[in-house]
Structure formats: C-alpha cells, structure tokens
Amino acid sequence: MRYPFTEIESKWQNYWTDHSVNKTDLSSTDKKLYTLVMFIYPSGSKLHIGHWYNYGPTDSWARYNKLKGFNVFEPIGYDAFGLPAENYAIKTGIHPYDSTMTNIADIRTQLHKMGCMYDWNSELMTCVPEYYKWNQWLFLQLYKKGLAYRKNAPVNWCPNDHTVLANEQVLSDGTCERCGHLVVQKNLTQWFFKITDYAEELLVGLDNITWPEKTKSMQRNWIGKSVGSEVIFKVQGSEETIKVFTTRPDTLFGVTYLVLAPEHKLVNKLTAPGYIEQVNKYRDSVKSLTEIERTSTVKEKTGAPIGANAINPMNGEVVPIWTADYVLATYGTGAVMAVPGHDERDFEFAKKFNLPIRKVILQKGTDEKAELTEAFTDTGIMINSGSFSGLDSDSGIEKIIAYLEEKGFGAGKINFRLRDWLISRQRYWGTPIPIIHCPNCGEVPVPEKDLPVELPYDVEFKPAGDSPLAANAKFINVKCPKCNADAKRDPDTMDTFVDSSWYYFRYLDPKIADAPFNKTLADKWTPVDMYVGGAEHATMHLLYARFIHKFFRDIGLTKSDEPFSHLIHQGTITNQGAKMSKSKGNVVNPDDFTLVYGADVFRLYLMFMGPYELGGDWSDKGIAGSDRFVQRTYELYNKHKDVLSGASEKDIFDLTSLSDDEKSVYKKLHQTIKKYEEEINNFRFNTAIASLMELINELKNLEKCSKEIQTYTLKRFAVLLGPVAPHLAEECWQIIGNKKTLFENPVWYNYDSAALVQENVNIAVQVNGKLRSTQQVPAGSSQAIVKEIVFNDEKVSKHIEGKTIVKEIFVPNKIYNIVVK
C-alpha cells in the first residue's frame with residue numbers, strides 16, 4: 001500500500017491546529033528556545049523553493065529541539081510593505097493593500113500545508129496600522145533623542161522605481177538591487193536615522209554573537225573603523241582651514257597635494273577666478289555618479305585643480321588643492337591629504353596629472369634613492385621627515401599625533417566608514433513618516449496620542465519623482481499641532497527595513513495595543529536563540545536590527561544587547577547550475593511536487609540535496625529517492641501495526657543477551673541516534689537523513705528479532721523521523737500503538753554508549769597504495785596480529801612474492817599498507 005500523503009498530512013495538520021499542539025506557553029522559560037526565520041514578503045509568486053529551503057529545514061531543527069524537551073517558540077509573519085506590491089499596482093491597477101492581503105491568505109494556506117509548527121496565535125503583518133503605528137512611535141523616540149534628523153544630501157536615486165536607495169541597496173556595479181536599473185545621484189532633503197552613534201558598539205558586539213564569520217566580517221568592513229588623526233591645513237592667503245583625516249600621520253611629510261570632494265563647501269569659496277569654469281564643468285560631469293562608482297578602484301581617476309594652495313603644518317610646504325570625485329563629502333571631512341608615494345589611489349592620480357611623488361617611508365632592504373614604481377603602502381622607516389626621520393612607522397604615528405596635538409595642528413581621532421541610515425522613500429506602500437511641516441513652527445512631530453498616521457487607501461500610484469502621498473489633499477493637508485496653522489504632513493514613507501528591525505519583539509504579543517511589544521515577555525525570550533535567513537541581508541536588515549535593538553535597550557525596553565544570538569544562512573537552490581529566476585524560466589514551483597509526493601517527501605529531498613549552507617542543484621529525478629524512503633518506512637510500520645500491544649518496555653538491552661541479528665539492529669540503531677543528533681543539531685540535514693536511510697537498510701533483519709527489539713527499534717525510529725518528516729512520524733507513531741501523539745507529548749531517546757563499541761573492524765590491505773584485500777579483525781588489534789592475518793591472505797601474497805618489502809604502514813582499525821620493490 002502506497003503512503004497516502006494527502007490524507008495523512010491533512011489529518012495531522014488539522015489535529016495540530018485543533019489541539020493547539022504548536023501553541024507555545026510563553027510563561028514557561030526554563031528551557032525556552034526562540035527559533036525564527038526571516039519573515040516572508042507576500043509577493044504574487046507566493047511560496048517559492050527558496051522559502052521552502054529556509055523554512056522547512058529550520059522547522060526540522062526546531063522540532064528536534066521540541067522532542068528534546070525545549071519549549072520552542074516558532075512564529076511566522078509577513079514583511080508586507082514594499083516596492084513590488086506598489087509596482088504591481090501601477091502595472092495592473094490592483095491596489096497594494098488588496099493584492100497583499102490576497103497573497104497573504106494564499107501563503108498562509110501554503111505554510112499550513114508545509115507542516116511547520118508555527119504558533120499561528122503569534123502571526124503578524126507589517127502593513128496594518130496596529131503594527132506600523134509602532135514604527136511611527138519608534139521614529140518619534142529616535143527623533144526625541146536626536147537620532148532621527150532631516151538634511152539635504154546627495155542620495156542614490158533609482159529612475160526606474162522613482163525612489164531613494166540606501167547605499168546598501170545599490171549593487172557593486174552601480175545598479176538598483178531591486179530592479180537592476182542604473183542608479184544616479186540626486187540632491188534631496190531626506191530623513192536619516194543616526195546609526196553612526198552606535199558604530200563602536202555595533203563593532204564590539206560582533207564578538208559576542210555566534211554568527212558566520214563571513215557575515216561578521218562584512219559588517220566589520222561596512223562599519224569600517226579607522227584609527228588615525230585629524231590634521232588641519234591652513235589655506236594660503238585665506239582664513240579658511242581644511243581638516244583631513246588620515247590613518248597614516250607618519251606619511252605627512254609626503255603630502256604633495258590636497259583633494260576636496262566636488263560637493264565640499266570650500267570648493268566654491270576657494271576656487272580662483274581663472275579656474276571656476278573648469279571646476280564647474282568637472283563637477284557637472286560627476287554629479288550623477290553614485291558613491292560606489294566614484295570610489296571604484298578600477299575607475300580612471302579624474303579631477304581638476306581649483307587654483308588655491310594649502311600649507312603643510314609639518315614642514316610649511318605649499319601644496320596645490322584639487323577637487324576629485326574619489327573623495328566623498330559624506331565620508332570623514334570630505335577632504336584628503338594626498339601622499340602618492342604611499343597610497344595607491346593617490347599614486348595613480350599623481351601619475352595621471354604629473355604631480356610630485358615623494359618617498360617618506362622606506363621599505364626595509366631597499367634603496368632610499370630608488371624611484372618608486374608603485375606606492376609603498378606598508379609600514380617601514382620614516383625618511384625625508386625632518387626630526388622624525390629614522391623612526392619606524394608605528395612609533396612615528398604616535399609621535400606625530402603627539403606633535404600635532406601639542407602645536408594645535410590636529411589630534412588623534414577615530415573615523416567610521418558607516419553612514420547614517422537613509423530611511424525616506426518617495427513611494428506609497430510603506431509607513432508614513434509622523435512629522436508635520438508648519439510654516440511657523442518648522443518640523444513638528446505628530447503627538448503620540450494621534451498615532452497611527454494612517455496610510456490612505458485612495459492614492460494615485462504612478463510615480464513622478466515625488467511621493468504619491470503628496471498628491472492626496474486629504475492626507476497631506478493638516479493643522480499644526482502646536483499653533484493650529486495650515487500645515488502639511490511629510491509626504492514620504494519609511495524604508496521597509498524599519499518594519500523588520502524589531503518585528504521579532506512583536507511576535508511575543510502581536511495584539512498588544514499600548515506598547516510596541518510586551519516588555520515582560522521580551523526580557524524573558526529575547527534575544528532570538530536561532531535566526532535563519534539569507535546572507536544577502538548582512539549589511540542591511542541584520543545591521544539595522546542590531547542598531548534598533550540597542551536603542552530599545554537604551555530607552556529601557558529590553559535588557560539584552562543583541563537581537564539574534566545565533567545566526568545561520570541557508571544556501572541557494574539552483575536549477576541546472578543556474579540561479580532560479582522568472583526571466584530564465586527555470587523556477588521550480590514547490591506545489592508541483594508537493595501535490596505529487598507530499599510535503600514530507602519534498603522537505604526530505606530539499607534537506608538531502610547537500611550541505612544546508614551551500615544549497616544544491618535541483619533534480620526532478622532525485623526526489624524519487626526520498627519518496628522510496630518514505631514508502632519503505634510506511635510499509636515497515638504497517639507490517640508491525642500495534643506492535644506495542646503487550647510488549648515489555650526497556651531503556652537498554654544487554655548486548656550479550658541478544659542474537660546476532662538483534663545485536664546488529666540494536667547497534668545500528670544507537671549508532672544512528674548518535675550520528676543523527678550530531679548532524680541535525682549543526683544543521684547538517686543531508687547527513688542526518690543519510691543515517692536514517694542507512695538504518696532502514698539494516699532493518700531488513702527486524703523480522704528476525706524479538707517483539708521487544710522490534711518495539712524498541714520502531715519507537716526510536718519514529719522519533720528520529722519526527723523532525724524531518726513530521727506527518728509520517730506522527731502516523732507511524734500511531735500505527736504501532738501509541739495513544740498519545742508524538743509532538744503533543746514530546747519524547748527523545750538517548751543512545752546506549754555500550755552499543756557504540758565496535759567489536760570488529762574492516763582493515764583495508766594495500767600493496768604500494770593499491771587496495772588488494774579487506775580483512776575483518778577484532779577492534780583494537782595490534783600490528784603483529786593484523787600482520788599475521790594479512791601475510792596469510794592469498795590475495796596479498798601474490799603481489800609481494802619475490803619482491804623486497806621496503807616498509808609496512810599500519811593505521812590501527814583502518815589500513816595495512818605494504819610497500820615493495
């Protein structure tokens with residue numbers, strides 16, 4: 001009889017729902033385990049294979065821990081605001097709210113059919129006022145602390161999506177991560193969150209969380225801490241000064257020019273009359289370039305002199321001032337001191353524009369007078385540096401900083417590459433920014449009692465560069481809360497990463513109305529113990545969530561320092577070696593396979609494909625192997641229906657009391673339990689499932705075993721199936737006669753250490769490295785015992801007769817290699 005997956009999966013899904021099996025008792029925290037996947041964006045394509053690969057295996061890990069006795073909380077929700085729904089509305093005329101709610105209903109059904117143990121009492125969605133009210137409340141708290149502010153700044157603008165992008169949302173080739181269109185620069189007045197105030201803490205905190213090293217390294221690089229000094233250069237013939245930041249003050253004597261960012265306010269002030277036309281022409285030519293394009297190491301260097309000079313504070317030397325796009329107004333001071341002898345970028349620039357290159361750091365073992373053919377960027381010995389000559393770079397850095405501070409020419413300083421988080425978006429489908437602009441009072445925060453500022457339904461979506469909300473008179477026109485004058489609401493909406501920066505708190509009590517989240521539960525249940533999602537969020541969602549978590553801590557809403565203590569990234573499922581995409585026509589629809597094989601088979605196959613963090617290549621043929629495993633398992637349990645009836649219970653068996661067949665089954669079972677635990681606990685699902693497949697092969701001898709061994713084995717095998725094939729496991733558990741369901745009354749069986757001891761081992765016998773025989777010997781046999789067996793083996797002796805034995809290599813319990821000539 002084939003496994004009737006449709007009937008059985010529906011049966012157990014309904015049972016779990018009807019009996020609240022997946023509801024977590026949040027009041028019990030003795031063995032709490034908060035397990036979370038990055039919540040789903042409810043797009044029109046519904047659940048795709050990437051969601052399955054994120055959600056199914058993570059649920060298996062959570063189910064394993066539930067069986068082990070942990071109180072597991074596994075919620076799910078919908079990251080429901082964002083561009084795709086709005087673009088879909090523009091294309092089809094279907095309102096974003098309507099399409100999003102339809103998609104959520106469809107996805108909810110799909111998620112139920114996956115068989116994950118989500119606590120549906122904690123379901124949330126970000127696009128409803130009950131949720132986004134607290135985005136607005138969060139904004140106001142940041143505003144009160146000076147951490148939300150508005151300024152005019154060059155921003156990344158996507159002409160296709162008609163909205164601003166954060167630096168993190170622009171790909172390395174200068175295109176929009178969402179639509180692939182080339183991004184340009186535009187000066188706009190925008191809202192920012194001051195994440196830079198937390199830069200040092202965000203950096204230090206990485207040492208206290210168990211995350212993939214690559215992800216932590218990406219955040220460290222994005223935060224970009226630089227230790228050095230600020231140096232003040234006077235402008236010749238002017239009262240103005242130029243401040244620069246450098247990590248290499250030991251190279252100050254090598255400065256041969258200064259560079260200002262094209263947007264630097266001093267460019268207008270200092271440009272000499274004869275240079276104005278050239279400088280303006282240059283600034284126009286680079287103003288549309290993104291920061292990524294400007295700072296590319298492969299981009300040809302461009303620039304223009306401004307006809308002014310600066311004075312080096314270390315030696316009084318007069319050096320020219322240039323403007324060039326590789327210097328950014330938003331990083332550091334917007335000005336750099338150029339040391340072409342010891343900086344690759346400056347070297348290229350100096351070579352192109354025939355500017356002096358001076359050697360002031362000597363590489364050990366090289367000639368001081370030899371011309372530099374490339375920048376020497378390492379530390380060395382200071383030369384041509386006045387009284388500092390002869391010092392090694394490290395000592396020189398300290399002494400020059402001390403000199404700068406003593407003379408008032410500068411000071412030691414720490415800089416960060418991290419920029420403030422740009423949260424303004426000129427789109428409709430997002431959280432309205434709770435600010436009113438009054439002609440008398442300026443920026444006025446919406447009073448908290450008036451939250452939420454609700455998103456109006458009737459809006460024209462076609463983007464024209466301004467927010468669609470600006471054209472909605474009923475929404476935009478409002479009275480000032482301070483002076484009652486006619487005023488206007490801020491027309492922009494928030495970056496949707498605001499929604500996802502704190503949602504894990506809200507899951508604990510999603511219906512709470514008087515606070516963003518339940519502080520009592522948050523203190524007990526956060527940080528999240530295991531967070532699983534894509535590595536592409538390393539410098540966006542994962543960084544923003546850490547920032548907001550620390551802010552909540554600072555205003556007394558949580559005790560913990562980090563949102564996610566453990567983080568796992570799943571790999572990517574490819575199709576014939578290529579990433580799946582609609583444009584390529586190679587997307588695998590999970591429903592096409594769950595309708596044929598069922599959710600458990602599909603889950604098993606996804607986990608069996610390869611290492612979880614690497615993913616694997618989809619094959620329609622491969623799923624048949626997982627299906628065979630399920631069919632064999634179901635058949636095995638049906639052969640032993642009600643086997644528990646009248647059977648005696650034992651925790652362990654004495655190996656000496658077992659027959660050879662019983663001993664073989666018993667030992668394999670406990671080897672599997674040990675292996676399975678090691679693998680699944682570390683998200684190595686493929687090898688965990690492989691161990692179950694090996695076990696079922698061994699169970700062909702189960703018929704030769706006593707009823708007690710049959711009962712003992714089948715109970716434990718069903719429990720091992722529980723995490724990776726939950727519907728099948730519940731059915732098998734019931735078939736053999738258990739009255740209580742597996743996940744309603746979790747149980748786990750530990751392995752018997754005595755059963756892990758190997759009695760015999762197979763020794764690979766080699767001659768000159770080639771396998772010639774295999775011999776079974778008692779485990780732990782000495783070389784002398786093994787040698788006697790090996791040399792009496794005809795398969796071996798014929799390869800060594802008449803030859804000289806050079807040496808013998810013995811690896812206990814594994815190999816005996818004879819080297820002859």
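I began with the network: salt bridges link Glu201, Arg546, Lys550, Arg553, Asp554, Asp561 and Glu562. The model is a predicted one. I then looked up the total, and the structure holds 41 salt bridges.

Next I took single pairs. I looked up Arg220 and found its side chain in a salt bridge with that of Asp207, at 3.1 Å from N to O. This pair links distant parts of the chain: Arg220 sits in helix H7 (residues 213-223), while Asp207 is in the loop between helix H6 (199-205) and H7, 13 residues apart. I noted Arg220 as partly exposed, at 28% relative accessibility. Asp207 has a relative accessible area of 56% and is exposed.

I went on to Glu240. Its salt bridge partner is Lys269, and the closest N and O atoms are 3.4 Å apart. For Glu240 I recorded a relative accessible area of 27%, so it counts as partly exposed. Lys269 is exposed, at 56%.

Last entry: is the pair of Asp250 and Arg248 buried or exposed? Their side chains meet in a salt bridge of 2.9 Å, N to O. Asp250 is at 0% relative accessibility and therefore counts as buried. Arg248, at 16%, also counts as buried, because the cut-off for buried is under 20% relative accessible area.

Technical notes: Residues numbered from 1 in each chain as written. Predicted model: local features only at pLDDT ≥ 70, side-chain atom pairs only at ≥ 80, totals over all residues. Heavy atoms only, no water. Salt bridge = Lys/Arg side-chain N within 4 Å of Asp/Glu carboxyl O. Helix = DSSP H or I, 4+ residues; strand = E, 2+ residues; numbered from the N terminus. Buried < 20%, exposed > 50% of the residue type's maximum accessible area, 1.4 Å probe, protein only.
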